Amino acid sequence: MQRYSGFGLVKHAFGHHENWERQWRNPEPKKQYDVIIVGGGGHGLATAYYLAKEFGVKNVAVVEKGWLGGGNTARNTTIVRSNYLWDEAARLYNHSLDLWKGLSQDLNYNVMFSQRGVLNLGHTLQDMRDIQRRVNANRLNGVDSEVVTPQQIKEIEPEIDISNRARYPIMGASWQKSAGVARHDAVAWGFARGADAHGVDLLQNTEVTGFKIRDGKVLGVHTNRGDIEAHTVGCVAAGNSGVLAEMAGIKLPLESHPLQALVSEPLKPILNTVTMSNHVHGYVSQSDKGDLVIGAGIDGYLGYGQRGSYPTIEHTLQAIVEMFPMFSRVRMNRQWGGIVDTCPDACPILSKTKVKGLYFNCGWGTGGFKATPGSGHVFAASLAKGEMHPIAAPFSIDRFHTGALIDEHGAAGVAH
Amino acid sequence: MFYIYCPYCKEHREEEEFHPRGQAHLLRPEDPENTSDEEWGDYLFFRDNPRGIHHEMWVHSVGCRKFFNITRNTVTYEILETYPMGEQPTITAETERVRKEQGVQAADGGWQTVGARPENKALNEETSS
Ligand SMILES: Cc1cc2nc3c(=O)[nH]c(=O)nc-3n(C[C@H](O)[C@H](O)[C@H](O)COP(=O)(O)OP(=O)(O)OC[C@H]3O[C@@H](n4cnc5c(N)ncnc54)[C@H](O)[C@@H]3O)c2cc1C
Ligand SMILES: [Zn+2]
């Protein structure tokens, strides 16, 4: 692998940047691997990277039906935070946040992780009570949350409307200073390049169409490019997880919904942080290019169409203008949708299944980007050892029959 | 944007007036005391999530406020029929498969949708409002 550096940039400038090495190979599928990862989004690529780099499993393939990172990884609004309520979730997202901090160095790839903080606004007495409870729980778990007043919010984000003229005046917020945003494409590409350098085969345009299962054990996958064998298969397919599970005769408690986002025309720097509100139902930040990055809730019906409905866009923009009236005349540039796999308790599933050797990592719904490195790391550990990593263990699919749910609806409402 | 036929109001109305409420035809276990954890979990949390034909409950929340069912394709978003509570769908994944095998071209409805039951002429007619 060609390492990137400032010196390299200067050197390649003399060659008019025409001699950069390709970031990863485009290999033919082998007949057999030790581990197959289905799904080349951020989570799948991270899993492969850590498998090869940290857990010594180098004979790995990532099987992706489209191009790398073309699913929700490339469609999300890139918010990274860890202010979840319950201990299990806080551990998982904190583990991820710790990895984010050193990720650019580790991957030798600038993922543009920017810890610019996240505000979660409260507009009612009940909102404020929930915020206080969550902040207290966060602090016990070592998450740097605090409750801030409207005046403090105004200092952090001067253009926000904290007046009483608003329909839902802002009463306060929780503030996680170590939260922020990262560049989603760079995360996928960085993990892909790193995995490839450690010998992982990235098989693009390769769709899994079925599983080879005998005597309750997985033996490999069927794809449009032929059968590939492996005794360990990890599915990391976000909105299509349920479709894959069905091929293996497994039912998952997931529902796939469109989730939309939109970006505005580029503006001069105007926002310092990420502002989200469950109550008026929208959130906004500003990318380094200058566009406002805007999102809200899912479209309420099931859908695999990777597009959303207009009423949802309208509601989203109403919420943004409610928080930032000065944006009322900003023009929107692009709008798109991803298919998110929502789970009944708003927490992911990292689990073995009744088919031996077949694992699922899914159910991240509207909020899995922030977990990309952590999810990949603990899932890789689980696949390598054949036992779920302690951080992943509470997220077993069994919880929907034992009742040990981890209810994060409060921390994951409109906040992704 | 969906244009949905409410089987009670007998009119096509815009999506904004309705709310989706998830999978249709779910039955609460009849004998809760003797229902296993497995069965309770399945009833509470496990839903159909198909790429294709799906039967779902909607409510005409700012109209007549009644619940009814829709058969819809989750990929093309085409609405194939709407029918009142207590009735069964006439179009299912199975009937669609047969239709395809027999070479009948299913309408690619995209966003615009019809909605009323194909065999019921009265429902298919637009009512002026
Ligand atoms: C609009 C939007 C905004 C979001 N905002 C945020 C946010 O601000 N913060 C946050 O933390 N999260 C956010 N999310 C959620 C986040 O994007 C996802 O949870 C996360 O990216 C999931 O990553 P993944 O790698 O599991 O899935 P994906 O990136 O979707 O990758 C899954 C891959 O599996 C492939 N696949 C599917 N079926 C098959 C098959 N049969 N064979 C081979 N390959 C297959 C797909 O092609 C896809 O590339 C948002 C999501 C959306 C849609
Ligand atoms: Zn009605």
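Reader: How many of the 416 residues of chain A count as buried, as a percentage?
Author: Welcome! Please keep in mind that this is a predicted model. A residue counts as buried when its relative accessible area is under 20%. For chain A, with its 416 residues, the buried share is 60%.

Reader: What radius of gyration does chain A have, and why does it agree with a compact globule?
Author: Good one to ask! The C-alpha trace of chain A spans about 65 × 65 × 40 Å along its principal axes. A compact globule with 416 residues would have a radius of gyration near 22 Å, so chain A agrees with that, at 21 Å.

Reader: Which three residues supply 30% of the area that chain B buries against chain A?
Author: Let's start with the whole interface, where 24 residues of chain B are in contact with 26 residues of chain A. The area buried between the two chains is about 2400 Å², and carbon and sulfur atoms give 57% of that. On the side of chain B, more of the area comes from one trio than from any other three residues: B:F45, B:F46 and B:N49.

Reader: Which element gives the largest share of the side of chain B that touches chain A?
Author: Two elements of chain B give two or more residues each to that side, helix 1 (37-45) and strand 4 (53-59). The largest share is five residues, and it comes from helix 1 of chain B.

Terms used:
Residues are numbered from 1 along each chain as its sequence is written. Chains are lettered from A and ligands numbered from 1 in the order in which they are written. This is a predicted model: local features need pLDDT of at least 70, side-chain atom pairs count only at pLDDT 80 or more; totals for chains, interfaces and linings use all residues. Side-chain values use heavy atoms; hydrogens and water are left out. Contact means heavy atoms within 4.5 Å. Buried area is the accessible area (1.4 Å probe) that two parts lose on being put together, summed over both. Helices (H or I, at least four residues) and strands (E, at least two) are DSSP runs, numbered from the N terminus. The radius of gyration is taken over C-alpha atoms; the globule rule is 2.2 Å times the number of residues to the power 0.38. Buried means under 20% relative accessible area, exposed over 50%, partly exposed in between (1.4 Å probe, protein chains only).
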